[in-house]
Structures are given as C-alpha cells and as structure tokens.
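Keep the viewer open and try each task before you read its solution.

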Amino acid sequence: MQFGRFTFRLTGFRKLLILFVLIAVGAALWRFAFGLGSVTNLSDEWPWGLWIGFDLLCGIALAGGGFSTALIVHVLHKDKYLPIARAALLTSLIGYIISMVSLFLDIGRWFNFWRPFFFWGFHSVLFEVFWCISLYTTVQVLEFGEIFFEKINFPGLQKIIKAMLPFLLILGIVLPSLHQSSLGSLYIVAVDRLYPLWWSQIIPFFFVWSAFFLGPAMVTVEGTLAARAYGREPELPVFASMTKITLVMLIIYLIVKIADLVYRGVLSMAFNGSFESNMFLIEMIVFIILPIIMYAMPSVRNKLGGVLTASILVVVGVIFNRMNVVFTGMAQATGGSYFPSIWEWALTIGMWSGLVLVYCFVVENFPILPKEEHAHGSGHSVGAGFHA
C-alpha cells in the first residue's frame, strides 16, 4: 500500500493483526458507551484487572528500554550502543502510548480524563504517575521528531528539535525513573493486603531497578526479532555487551531482595509450600538466578541463541513479577475471584497488535535501523516486511 511517500506492505499476518485491532476498537467503543461492567469482569474486590496489571504496569516496564538506553548511550557515552538507540526509543514510545490507552480504558468515568490536568491532587501517588507518564510520552514524541523531520526533510524544525535534545534527554531519564518507582509506591499502602514476599517499603526501588535491567534484555529481544523479520544480521556484539549491565543489576537485585526478606523476617515464607511461595520461588529461580548464570557464561552470552534465551527469561520474569504483585500477592486478602473477560483479552490483543503494526510501519519508512543494515541484497530490504 502507498500513502504518498510512505509505504506499508500488507501480508497475511498483518491483515490478521489489523482484524484484531478492529475488534478492539469495536469493544472499546462499546465499553465507552455502556461502561466497564459491559465488557470486563472487574468488581469492587478486583478493581484492577488485565488492563492495569498487564497493559499498564507491564507495558511501562517493557518500555523501559528507552530510558535505560538513553542513559547508557548519552550519559555514560557508550557510543557502541548507538545502533540500537533509535529502535529502543521507538519501542518505548509505542509501549507508553499503549499504557496511556489502557489507563484511559480503565477510567470509570472516562469523560473526566481531563480533570488531572486542571485539578491537582498533590498528595496522590496516582496523580504523580499520571503526570510523569503524560510528560514522558510527550518527551518521547518530541525526541522522535528528530527522526520524523529527518525523513520529511524539514531542516528548520529538525534544527529546533536538535537544540532541545539535551534537555529532552535529561527529562527522558528523570521522568521514567520517577513514575517507575511510583508504580511500586502504590503498593506500599497495601501493607496488610499484599503478600509479604512481595510487599516491602523499598518496593519502589524494586520496580524502577527491574525496569532498568529489563531495558537491555528487551532491546535484545526486539532487536533480534526485527533482524530476523527484515533479513538483517542481529547486533550480537552490542547485545552481548549490554547484557553485562543486566547481569550486574540482576545480581544487585537478588542481593537486595534477599537482604530485605531477611531484615523483615519473612524469608521462611518462601519455603512454606503455599501457592504464593511457589510462585515467588519460580520468579526468583527461573527468572532471576537462571539468567544470572546464563549471562555470566561467555559461551552463552556471546551466542545469539544463548543471549536471546536469557533475555527472554528476564523479560518474562519482570512480567511474572508484576503479575504476582497485582494478582497472586493480592488474591488472599482480596477474596473473590477474577479472570479477564473475552473482551478484556480482545482489547489487550488489539492494542499489542497495533504496536506491532505501528513498529513495522515506522521501521519501513523512517531511518530507525542502522544504515549499513538496511539491506543485504535485493531480497532483504527493510521494506520486505514480516513474512509470517
């Protein structure tokens, strides 16, 4: 398909994704017309469900590659990571947009979405989260402006954006650090409700720290998938080097987590055989300790299959942690039961399908991937698109 100077290849897989998006749009319109109860299984006992637990909390964590890569490249001046910086920014930007959409869907009276902009609740953690996410999404849009105006050849605006970049980069590191930790702060008040293996006074640290070490792992997974889809060689040296950062941060996370459990006298609860303890052990052994071992072995880290497998474990592990906090850790105190309705699943699948479609469109029409990687022959151009 041709849209002026832009192109978009319609494959069978992409048509399926478009169908998922259209179903989600229809479900969203129904939800706005008839309320949350018409499409969700939420209740007074379970006010936060799939859209908050996965699309918001996990989506923002998965989008952490943007601010962690920005810190590594532009603050620590690790220029060898520049080839993956733009792709990380794109993934982060789309992820944050999905998080904003999911938050909008979950607002009971959605027509009052504008109120936090004018009625400031200074003492509310959610108010701080809302403003930080909104501002950071705006910052990322402005940062992407450099790439956009590079494509459409608007040197005047491109020059303005470049002049703003240092300030935007500072905001792009500070703001996500604030709201990633604030998402954890939401659960500090749940001291008598969140299971002690996950509740902690330093849960904000665990949230922001895990979002940061997730960044290199997410970049590795996303970069490998993009390379395979577009017939490029994966940036293996970059991935292997970045995961050393994840390794150190995983070790610190594990040490602090154990020290916190010991300090609060609840370490023994990890071995009491309950459902919560088993889920906690899976989280720590499979998704923290195992990746540490894999990343620490050069024979694993320097091979694409090894570094990709370990990175997938880290990505899934952070999702697993957020799901444990939102659902597993709260189930005993909350009572009742909750499982997402088919329409909740449809909206989530539709949003993430939209993410893939937007990523494909942007990568194929803007200078996101390294120039030397754009093609390896006539059959492997960026415009080739997904063939699934």
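**Exercise 1. Find which helices each supply at least two residues of the lining of the second largest cavity, then describe that cavity.**

Step 1. H8, H10 and helix H12 (304–334) each supply at least two lining residues; helices here are DSSP runs of H or I with at least four residues, numbered from the N terminus. This is a predicted model, where local features need pLDDT of at least 70, side-chain atom pairs count only at pLDDT 80 or more, and totals for chains, interfaces and linings use all residues. Residues are numbered from 1 along each chain as its sequence is written, and side-chain values use heavy atoms, with hydrogens and water left out.

Step 2. H12 gives the most to this lining, with 4 residues. The whole lining is Ser210, Phe213, Tyr253, Glu283, Phe287, Ile288, Gly317, Val318, Asn321 and Arg322. (On a 1 Å grid over the protein atoms alone, a cavity is a set of points where a 1.4 Å probe fits but cannot get out, and lining residues have an atom within 4 Å of a point.)

Step 3. Sorted by class, the lining has 5 nonpolar, 3 polar and 2 charged residues. Ala, Val, Leu, Ile, Met, Phe, Trp, Tyr, Cys and Pro count as nonpolar, Asp, Glu, Lys and Arg as charged, and the others, Gly among them, as polar.

Step 4. The space in this cavity is about 60 Å³, a volume being the space filled by probe spheres set on the grid points, which are joined across faces, edges and corners.

**Exercise 2. Work out how H8 and H12 cross, and at roughly what angle.**

Step 1. Two packed helices are described by the angle between their axes and the distance between the axes. For H8 and H12, the axes come within 9 Å and cross at roughly 135 degrees. (Axes are lines fitted to C-alpha atoms, for helices over the stretch in contact, and angles run from 0 to 180 degrees between N-to-C directions.)

Step 2. That angle makes H8 oblique to H12, because angles under 35 degrees count as roughly parallel, over 145 as roughly antiparallel, 65 to 115 as roughly perpendicular and the rest as oblique.

Step 3. The crossing of H8 and H12 is left-handed, a label for a near helix turned anticlockwise from the far one by less than a right angle, with clockwise giving right-handed.

Step 4. The residues that meet include Phe207, Ser210 and Phe213 in H8 and Val318, Asn321 and Arg322 in H12; contact means heavy atoms within 4.5 Å. This contact divides into 15 nonpolar, 5 polar and 2 charged residues.

**Exercise 3. Is the crossing of H7 and H8 left-handed or right-handed?**

Step 1. The axes of helix H7 (residues 155–185) and H8 come within 7 Å and cross at roughly 135 degrees. H7 is therefore oblique to H8.

Step 2. The crossing of H7 and H8 is right-handed. Among the residues in contact are Ser177, Gln180 and Ser181 of H7, with Ile203, Pro204 and Phe207 of H8.

Step 3. By class, the contact of H7 with H8 has 6 nonpolar, 5 polar and no charged residues.

**Exercise 4. Locate the largest cavity and say which helix gives the most to its lining.**

Step 1. The structure holds 4 cavities of 30 Å³ or more, and the largest has a volume of about 90 Å³.

Step 2. Of its 16 lining residues, Pro83, Ile84, Ala87, Arg232 and Leu369 are the closest to the centre.

Step 3. Helix H8 (residues 203–229) gives the most to the lining of the largest cavity, with 4 residues. By class, that lining has 11 nonpolar, 1 polar and 4 charged residues.

Definitions and conventions:
On a 1 Å grid over the protein atoms alone, a cavity is a set of points where a 1.4 Å probe fits but cannot get out, and a pocket is an open set with protein on both sides within 12 Å along at least five of seven lines; lining residues have an atom within 4 Å of a point.
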